[in-house]
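Here is a friendly briefing on one protein model, arranged by topic. Please have a look at the sequence and the structure first, and then read on.

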Amino acid sequence: QEHPPQKPLNAPWLSKFARLGWAGIEELHDADEVAGAVIDGSPGCNSSVSVLRVRGSPSPVRRLSCGRHAGQEAQPERQVDASGVSHGDKVVEARFVAKRAVPQGPALDVAMLQRWYQRERGFYAEVAPGLDGAGDAGRDEDDGEAPAAGLKVPRCAVLGPDACGDAGENFLLVLEYLGAPSWRVVDPEVGCTEAEALAAVSALAWTHGRFLARPERLAACRWLPKTPVHVELGGMIQDYYAGAWEQVRSRLHLPDAVAGMCEAMCASYSTLLRRMAEPPVTLVHGDFRLENLRFGATADSGSGRFPVAAFDWQFCCQARGAYDLAYFMCLAMPPKERRAREPALRRCYLQEIRGAAGAKRADEALAELEADLCVALLLITASFVMGAATCPADTAEMHERSLQWLAAAAQDWNVGRMLPTPRNPLGGAPPAVAVACAM
């Protein structure tokens with residue numbers, strides 16, 4: 001099927017959808033002799049993600065530059081030549097991340113069915129402006145405000161049209177570039193340090209807690225689905241999962257016990273999914289792993305923790321917060337390190353979510369945390385099985401590593417107890433682990 005072509009990513013297209021306060025793009029467009037948009041990069045699996053370099057005279061580009069988060073110096077502007085042509089004026093460059101739909105292929109079909117692009121646009125249009133930490137990656141140090149405790153998100157410079165198009169051809173986001181020297185990438189193959197893990201879990205819990213405290217904020221986002229894959233599509237996803245498992249089971253080399261759990265999910269996936277959609281729910285990122293996180297270069301002087309920014313919100317949804325917590329704990333560090341740090345990470349999550357949501361709402365959300373973590377881990381394992389069946393060659397190693405780490409956690413937590421049985425079609429409930437509930 002031939003899809004409509006994407007609009008060219010140039011200054012007129014960018015300026016049309018520049019957000020309030022980002023009028024510098026329009027000024028760059030007006031300065032035709034020195035303005036331009038240059039793309040570096042290649043399409044990713046689910047979106048086409050590239051580095052956008054906006055060039056122009058110093059004044060408008062300075063207003064575009066995303067600045068700094070609390071305690072960090074602004075990234076210096078870089079003077080460049082304007083395509084080798086001298087006009088007598090200095091030219092500076094600001095870097096952003098440009099996100100567009102993948103042009104074609106199976107990933108695009110799934111993205112349109114699951115409304116990935118509509119979700120991410122909706123997140124930056126309606127959710128991010130009210131997030132604790134939203135935009136703080138670019139906040140001036142001397143603005144007199146204390147740093148937000150929650151997750152930070154990239155500022156959105158350009159928000160494409162509300163209608164993403166039949167094939168996502170109109171989907172466009174231009175986001176703050178979270179790079180050095182202010183932000184650090186953590187190698188997901190190595191895993192994060194304990195300090196980084198505590199910072200991420202603390203920020204995640206605070207964000208979860210804020211949305212538990214104000215459920216009307218989620219209710220207002222009618223486009224935000226229940227669970228990352230839309231709970232109403234559970235039967236369809238279960239059939240797809242069963243086909244994917246049959247395709248990859250012989251080459252994944254999972255332990256027999258975990259392979260048995262994967263086999264059982266061919267008939268129980270939709271039941272597990274419905275559990276994740278049951279209240280109380282909060283805002284869930286849906287893909288909360290190191291590949292989608294950045295850590296501040298230095299720890300905050302007040303809390304002693306690193307600022308944490310999360311991006312790639314196309315799987316955002318309403319669900320139980322345990323989904324994000326399980327995702328991070330099982331995939332952010334090798335199994336040996338996870339086992340050693342898990343008690344502290346769980347305590348951190350419990351303490352922070354109570355501080356953000358209040359004791360009553362937090363206790364309601366945490367009442368079944370152990371069972372929820374097990375269900376979440378089963379569903380996350382299923383998502384990586386489906387990913388392994390269709391992923392391009394350059395991400396196959398990541399999927400296999402992730403499945404091995406997930407399998408180790410599945411055995412450690414004995415998550416098979418949550419699978420439905422003929423005697424208990426709604427699934428079991430493992431006893432609470434004392435260390436997880438300790439304060």
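**Arginine 338 and the model**

Arginine 338 counts as buried, at 1% relative accessibility; buried means under 20% relative accessible area, exposed means over 50%, and partly exposed is in between (1.4 Å probe, protein chains only). This is a predicted model, in which local features need pLDDT of at least 70, side-chain atom pairs count only at pLDDT 80 or more, and totals for chains, interfaces and linings use all residues. Residues are numbered from 1 along each chain as its sequence is written, and side-chain values use heavy atoms, with hydrogens and water left out.

**Where arginine 338 sits**

- Helix α11 (residues 335-357) holds arginine 338; helices (H or I, at least four residues) and strands (E, at least two) are DSSP runs, numbered from the N terminus.
- Arginine 338 and tryptophan 405 are 67 residues apart along the chain, and their C-alpha atoms are separated by 9.6 Å.

**Salt bridges**

- The structure holds 22 salt bridges, each being a side-chain nitrogen of Lys or Arg within 4 Å of a carboxyl oxygen of Asp or Glu.
- One of them joins the side chains of arginine 184 and glutamate 196, at 2.8 Å from N to O.
- Because arginine 184 lies in strand β7 and glutamate 196 in helix α6, this pair ties together parts that are 12 residues apart in sequence.
- Arginine 184 is partly exposed, with a relative accessible area of 24%, whereas glutamate 196 is buried at 7%.
- Arginine 214 forms a salt bridge with glutamate 216, and their closest N and O atoms are 3.2 Å apart.
- Glutamate 368 and arginine 275 meet through their side chains in a salt bridge (3.8 Å, N to O).
- Glutamate 368 lies in the loop between α12 (359-366) and α13 (369-390) and arginine 275 in helix α9 (residues 256-276), so the pair ties together parts that are 93 residues apart in sequence.
- Glutamate 368 is partly exposed, with a relative accessible area of 40%, while arginine 275 is buried at 16%.
- Salt bridges that share partners also join Arg338, Arg339, Glu342, Arg346, Glu370 and Asp412 into one network.

**Histidine 230**

- Histidine 230 lies in the loop between α7 (215-219) and α8 (234-252).
- Is histidine 230 buried or exposed? Histidine 230 is buried, with a relative accessible area of 7%.
- Its side chain reaches the backbone oxygen of glutamine 114 at 2.9 Å.

**A negative surface patch**

- Asp187, Glu189, Glu397 and Glu400 form a negative surface patch; patches are made of residues with over 30% relative accessible area and no salt bridge, with like charges joined within 9 Å.
- Among these residues, aspartate 187 lies in the loop between β7 (183-184) and α6 (194-213).
- Aspartate 187 is partly exposed, with a relative accessible area of 41%.

**Proline 255**

- Proline 255 has its place in the loop between α8 and α9.
- Proline 255 is partly exposed, its relative accessible area being 27%.
- Between proline 255 and alanine 407 there are 7.4 Å in space, C-alpha to C-alpha, and the two are 152 residues apart in sequence.

Terms used:
Patches are made of residues with over 30% relative accessible area and no salt bridge: like charges are joined within 9 Å, nonpolar side chains (Val, Leu, Ile, Met, Phe, Trp, Tyr) within 5 Å. Accessible areas come from the Shrake-Rupley method with a 1.4 Å probe; for residues, only the protein chains shown count as cover. Lys and Arg count as positive and Asp and Glu as negative; His and the chain ends are not counted. The place of a charge is taken as NZ of Lys, CZ of Arg, CG of Asp or CD of Glu. A polar contact is a pair of N or O atoms within 3.5 Å; within protein, one must be able to donate a hydrogen and the other to accept it, and residues adjacent in sequence count only if both atoms are side-chain atoms.
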